[in-house]
Amino acid sequence: MQVFLKRLSQHRERLSQLEMGVLEFILHHHEIVVHMNVDELAKKLFVSTATISRTCQQLGFRGFQDFKYSLKKEVTKEPNNTVFSHSGFLSSHIDRVKQEIESTFDYLDEGKITEAAKYIHASKHVEFFGVGNSLPPCVDASRKLMFSGKISSAREDWDELRSVANSLSEDDLAILVSYSGETLYTLEYASLLKKRNVKTISITGQHNNRLQQEVDLSFQAHVINCYYGEMDMSSRFPLSIILDLIILTYLEQHKDS
């Protein structure tokens, strides 16, 4: 939660005086805000609902509902965060990694893995979409597909990804990788791809996220929130495991072609 609030604070300079008041209330009373609707918050702060919405947009969200959804997820997941401690330091994190691997395998559906491999085979081009810490698994998977002879890309520039999303066709495949499944950029790309009838696969690390609802085929990895102080040390390897299994299945299906 502290990391989430700190990220909100970093947007102070772009806010007006009224918007700053909204942010300050959120930072100090987030446990109340998560249970309020936009009208209640506006009345509480003696500002318009438009000011509330504008503040949320300045903070990087689509509006108050989008902000509240993310805030609620932070409040809900907070008790489950794993924090480094001095006692049993290494063993506790070995156990965490084991749990992530075992649970990710428990979630796997071999039928869906096979279907995803068929998506790859049927596509002319495979484009991976991942931002921030979700980009490295995309780069790794893209290189493996390229070495197998399949045209594939994983790009770092967010504007370039938007341009690519606007240029792919129904003959292509987009694989969207997101730890939370709530990243605004990734959701934007998914929406653009959907409008162009591009086949889409999502691989996420959190349950019941919005990205899963925007794609043709979704996979759920198991990622346990882990912080060292305010540094996010949450794993991304469960996402890579699923990508590897899909690519291996694709290679096995078409090893003689």
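**Phe-128 and its surroundings**

Leaving aside neighbours within four places in sequence, Phe-128 is in contact with Cys-138, Ala-141, Ser-142, Leu-145, Ser-152, Ser-153, Ala-154, Arg-155, Leu-161, Ile-175 and Leu-243, where contact means heavy atoms within 4.5 Å. The model is a predicted one, in which local features need pLDDT of at least 70 and side-chain atom pairs count only at pLDDT 80 or more, whereas totals for chains, interfaces and linings use all residues. Residues are numbered from 1 along each chain as its sequence is written, and side-chain values use heavy atoms, with hydrogens and water left out.

**The sheet**

- An open sheet is formed by 5 strands in the order S3-S2-S4-S5-S6, with parallel pairing; strands (E, at least two residues) and helices (H or I, at least four) are DSSP runs numbered from the N terminus, and two strands pair if DSSP finds at least two bridges between them.
- Strand S3 (152–154) and strand S6 (217–220) stand at the edges, and because each has a single partner strand, one side of each is left without a neighbour in the sheet.
- From one strand to the next the twist averages 15 degrees, with axes taken as lines fitted to C-alpha atoms, for helices over the stretch in contact, and angles running from 0 to 180 degrees between N-to-C directions.
- Helix H12 (residues 237–253) packs on the sheet, where it touches S2, S4, strand S5 (199–204) and S6, and its direction makes about 140 degrees with that of S5.
- Strand S2 (residues 126–129) is joined by 4 bridges to strand S4 (residues 173–178), the two running parallel, and Phe-128 has Ile-175 as its bridge partner in S4.
- S2 is also joined to S3 by 3 bridges, again in parallel, and there the bridge partner of Glu-127 is Ser-153.
- Both faces of S2 are covered, since Val-126 and Phe-128 on one side and Glu-127 and Phe-129 on the other are all buried, that is, under 20% relative accessible area, as against over 50% for exposed and in between for partly exposed (1.4 Å probe, protein chains only).

**Nonpolar cores**

- The largest nonpolar core has 24 residues, and those with the most contacts inside it are Phe-128, Ile-175, Ile-201, Ile-203, Phe-219 and Ile-246; such a core is a set of buried Ala, Val, Leu, Ile, Met, Phe, Trp, Tyr and Cys residues joined through side-chain atoms within 4.5 Å.
- Two or more residues of this core come from each of helix H8 (110–122), S2, helix H9 (135–147), S4, S5, S6 and H12, and H12 gives the largest share, 6 residues.
- Apart from this core lies another, of 23 residues, among them Val-22, Val-33, Leu-41 and Ala-42.

**Helix H2 and Leu-23**

- Helix H2 (residues 17–28) has 12 residues and reaches 17 Å from its first C-alpha to its last, close to the 16 Å expected, the expected span being 1.5 Å times one less than the number of residues.
- Its buried residues are Glu-19, Val-22, Leu-23, Phe-25, Ile-26 and Leu-27.
- Leu-23 has a relative accessible area of 0% and is therefore buried; neighbours within four places in sequence aside, Leu-23 is in contact with Leu-8, Ser-9, Arg-12, Leu-15, Thr-55 and Leu-59.

**Cysteines and Ser-234**

- The structure holds 0 disulfides, a disulfide being a pair of cysteine sulfur atoms within 2.5 Å.
- Cys-56 counts as buried at 1% relative accessibility, and Cys-138 is buried at 0%.
- Ser-234, in the loop between strand S8 (231–232) and H12, is buried, with a relative accessible area of 9%.
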